[in-house]
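Dear colleague,

Please find the structure below, handed over for your study. My findings follow it.

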Amino acid sequence: MKTGSLVPLLSTSTLFLLNLQESVAFTSFKTVTKSVPPSYCDLPQLSFSSTSLFAKQKKKGGGAKKKQKDQKKSGFAWASSFALKPFESSSLRELASFVCASFEGRTGKPLSEELKGTPDLPKALWNAPVACVVVVNGAEKEQEGISAANSIVQYANIAALETFGFQPDQFDQLISSKDPESGEWKTPQNDVAKGLNFPSSMNGDNIYQSDYKKKVLRADPDISIKNAHRWRLEKSSLIGGKFVTESIGVAYAWNSWLEGEDTLCRPGGFREVKMDTAELEQKIKTQGEAIRELKEVQGFGNKDKQVVDAVQELLRMKALLEEVTSSSQ
């Protein structure tokens, strides 16, 4: 191509770009980086990036700037909502492995058969058909919502979450996190987490117990564990040329739990009503007599709370009797 023929072509391109600039504004955002607060103790800081390039018609009143601000907020909200699962967190992976090793050291056998020879022990414990919880001592100093006497759940697997009615992705409703800078614990503020009763220490020389039973949650219904394991978690460190053993918390493990007084549950959604029919029929009779006394002797009406609650309990027991009878046939 000759040199002379290049000039009109450049002029035409220049005019086209100038015209385009009048109607379309190109805006490019730089990479936005947001650090996510760690969900667990000693987690490294994570960052997420979002880059966008778009064209927008010019509008009066700074419409383009408003949309840019909204897009930044949505990106930040997404990054803030991200959390590592317990088997993905480096600190909780280490804790899970330590729990398994300490149990085998105490008993000479694995916590669950599914943990034998697994290449990823923390993930195997997370999915194991045995519930496992680790509680640590309360805050060293008083902080809002936590007293020094409270125990704090630092680890719970899927089966433990199921015990208290949580789904696997709701682990943050049970597990507390610790700020690595301030050292303060951030505890879930739901009724279940606040009502849990797992002692965070074992008295005296008792470092392992295989027949542990306790009502670990007072609610409707109550949750109790029986024939559970609990053992002290200890770590040794060299201080001043001597090995010093420090208790860091207590681990609990159970294969089943009791809801109320009559429903035996196991991981995976298994539920079995444990009730003698004769005993249940007697309870129904007694409850009916209690309702008659409320109405005929004490003078309560059908809409009074005392009567309503008593009738609800009677209906619950009748439904339970029907379930027990049908399951035995």
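N227 counts as exposed because its relative accessibility is 62%, where exposed means over 50% relative accessible area, buried under 20% and partly exposed in between (1.4 Å probe, protein chains only). This residue is placed in strand β10, and its phi is near 50°, a positive value in a residue other than glycine. Helices (H or I, at least four residues) and strands (E, at least two) are DSSP runs, numbered from the N terminus.

This is a predicted model, in which local features need pLDDT of at least 70 and side-chain atom pairs count only at pLDDT 80 or more, while totals for chains, interfaces and linings use all residues. Residues are numbered from 1 along each chain as its sequence is written, and side-chain values use heavy atoms, with hydrogens and water left out.

A cis peptide bond, with omega about 5°, joins D220 and P221. P221 lies in the loop between β9 and β10.

I turn now to the interior. A nonpolar core is a set of buried Ala, Val, Leu, Ile, Met, Phe, Trp, Tyr and Cys residues joined through side-chain atoms within 4.5 Å. The largest one has 48 residues, and L111, F164, F198 and W254 have the most contacts inside it. Among the elements that give two or more residues to this core are α3 (90-107), β5 (131-136) and β10 (223-239); α3 gives the most, with six residues.

Apart from neighbours within four places in sequence, L111 is in contact (heavy atoms within 4.5 Å) with F103, L125, V130, C132, W231 and A253. A second, separate core of 12 residues includes L280, I291, L294 and V324.
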